[in-house]
Amino acid sequence: MSRQAIILFLVGLVMLGCETEVDVFKLGESTPVVYCILNQDTTVQSLRLSRSYNSSLAAVAPDSPDSLLFDRALDIVLEKVQGSSVVKRTFFIPVDVKKDEGFFPYTEHWIYQTDMQVLPNTTYRLIIYLSESEKIVYSTCTTVTPFDIINPAYPEVRLIHLQTDHNPQFSWTKSNNAGIYQFGFSLHYDEYIEDRVTLKTVNLFLNTTFMLESAGHYYTQSINSAQFYIRLHDLLTADPAIIRKCTGVDAIVLCGGEELAYLVRLQQGGQTFNIMEYSNILNGVGVFSSRLIRQVNGFKLTNQTIDSLAYGKYTHDLNFLDRNGIREGGGG
Amino acid sequence: MGLQSCETDSLPTTPEGIEAEPVGTLRVWFKISHPWLPLDRIVRTGLHVAKDGMEIYKGYYLQSANVTDFQENYFFYLAPGNYYYEASIACICGGDSCSAGGFPGNQFGSKHTMGRFTIEKDQVTTIIPTFQ
């Protein structure tokens, strides 16, 4: 073989070896987004599943807005695990829910629900089988243990005083596997519209604290009383036709698992739209954790607090009645 | 000229003419004691400060504390002058222990006490409520 023929043969080999097929418009793969916070106070467990697209992988936007949701008929399983064996298993089913008002990129909305009593300090496993991509999304968590509110206490004989001269303090015992606590009040009130009276309740979580380390027998945190009035003003509608009468408050402490604590803590310090800095979902993003609520019911408010609700600078337009059951200048 | 004309009067850097309200401190050493009832069965239920005895009676308090089982000392920051306080405790024993221990009624029977005190500027006034 001549020298020229050998060179031509080698060049041909090299050119053949370099030949590849390039997809200019490659569709990006979706990432499942899972939120499931096991509620230990009820048997109904809910899960939110949607999907996200990494725009750096996809040159073409999703062709349908509903593609942010997966197929309704997915296999989503919640398993209770003891040791290495599964002792209980239930399947989630899709349930349509009413969307809040506002802009949403999809027309339908559903969550998945199942019926299972979630026990404290127990390991649960979440498995989602995505048949279209033959992908298994997977997570485990250990639920939080019970705890008790030890202050405020004795609603039979103590009043809640919501003034900045002496802010209320909350104390509660430690919950194992918990990393985040929220606490505040449920305010109960009668709402009068003409001759009709409706009993209503509004939840006011006024402080959030992260406690991942053991700090003794119990935790103590105070709340800023001004926040009570500010938050209440944000939550209720000011309408001159509505008269309200406060009937009492319940003290509430909500605790969440360590996974939830990591997520919230990173969200608080992160960018507004960068919400996926923490995830405990394998083959997806999101959080699988648990939560538990404790409350002490039936506190009355001090007269100063009731008057502040009626005439204070934040809530005066909500038309709460004062300690005498009237409103100075009309109403009541 | 242009720069000078834009220059505004500078804001005062010292709070001249602004004086903080003089205050004194009331410390309430809210101890629980009883000759024979268990002390963890008696709870603090109220602590209020008012300008005079009639306002105590009517419940028009200047300040109130959120009393707890974990705190023995309570502090109030008040302008100099004379005031009244009201403190209350309750018995949470079951059965007839509370009435036998001098509390009116049975469980959650309560006792009240009140008194007069004076606040002086930058001074701490300590009171120890006692219950008959």
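Modeller: Two strands pair if DSSP finds at least two bridges between them. Strands themselves (E, at least two residues) are DSSP runs, numbered from the N terminus. Residues are numbered from 1 along each chain as its sequence is written, while chains are lettered from A and ligands numbered from 1 in the order in which they are written. The model is predicted: local features need pLDDT of at least 70, side-chain atom pairs count only at pLDDT 80 or more, and totals for chains, interfaces and linings use all residues.

Let us begin with strand E15 of chain A, residues 242–257. E15(A) is joined by 7 bridges to strand E16 (residues 285–301) of chain A, and the two run antiparallel. E15(A) is also linked antiparallel to strand E12 (residues 178–193) of chain A, through 15 bridges. A:Val249 shows both pairings: A:Leu187 stands opposite this residue of E15(A), and A:Val249 in turn stands opposite A:Phe299 in E16(A).

Two open sheets of chain A may be described next. One has 3 strands in the order E9-E11-E14, with antiparallel pairing. Its edges are formed by strand E9 (149–151) and strand E14 (218–222); each has a single partner strand, so one side of each is left without a neighbour in the sheet. Strand E11 (residues 169–173) pairs with E14(A) in the antiparallel sense over 5 bridges, and A:Ser171 has A:Thr220 in E14(A) as its bridge partner.

The other open sheet has 4 strands, ordered E4-E3-E7-E8, and its pairing is antiparallel as well. Here strand E4 (85–91) and strand E8 (135–142) stand at the edges with a single partner strand each, so one side of each has no neighbour in the sheet. Between strand E3 (residues 75–82) and E4(A), which run antiparallel, there are 6 bridges. The bridge partner of A:Val77 in E4(A) is A:Phe91.

We now turn to the domains. Chain A is assigned domain 1 (32–142) and domain 2 (149–278 + 290–318); such bounds come from an automatic or database domain assignment. In domain 1, 9 residues are in contact with 9 residues of domain 2, where contact requires C-beta atoms, placed from the backbone, within 7 Å. Strand E1 (30–39) and E8 of chain A each supply at least two residues of the side of domain 1 that touches domain 2. E1(A) gives the most to that side, with 3 residues.

The interior comes next. A nonpolar core is a set of buried Ala, Val, Leu, Ile, Met, Phe, Trp, Tyr and Cys residues joined through C-beta atoms within 7 Å, and buried means that 20 or more other C-beta atoms lie within 10 Å of a residue's own. The largest such core has 64 residues, and those with the most contacts inside it are A:Val34, A:Ile128 and A:Cys255. Both domains of chain A give residues to this core, so it lies between them. Apart from this core lies another, of 16 residues, among them B:Leu26, B:Leu47, B:Val49 and B:Val67. Not counting residues up to four places away in sequence, A:Val34 touches several residues, including A:Leu47, A:Ile128 and A:Phe288.

Finally, 17 residues of chain B are in contact with 16 residues of chain A. On the side of chain B that touches chain A, strand E2 (42–50) and strand E3 (63–64) of chain B each supply at least two residues. E2(B) gives the most to that side, with 3 residues.

Definitions and conventions. A residue is buried if 20 or more other C-beta atoms lie within 10 Å of its own, exposed if 12 or fewer, and partly exposed in between; C-beta atoms are placed from the backbone. Two residues are in contact if their C-beta atoms, placed from the backbone, lie within 7 Å.
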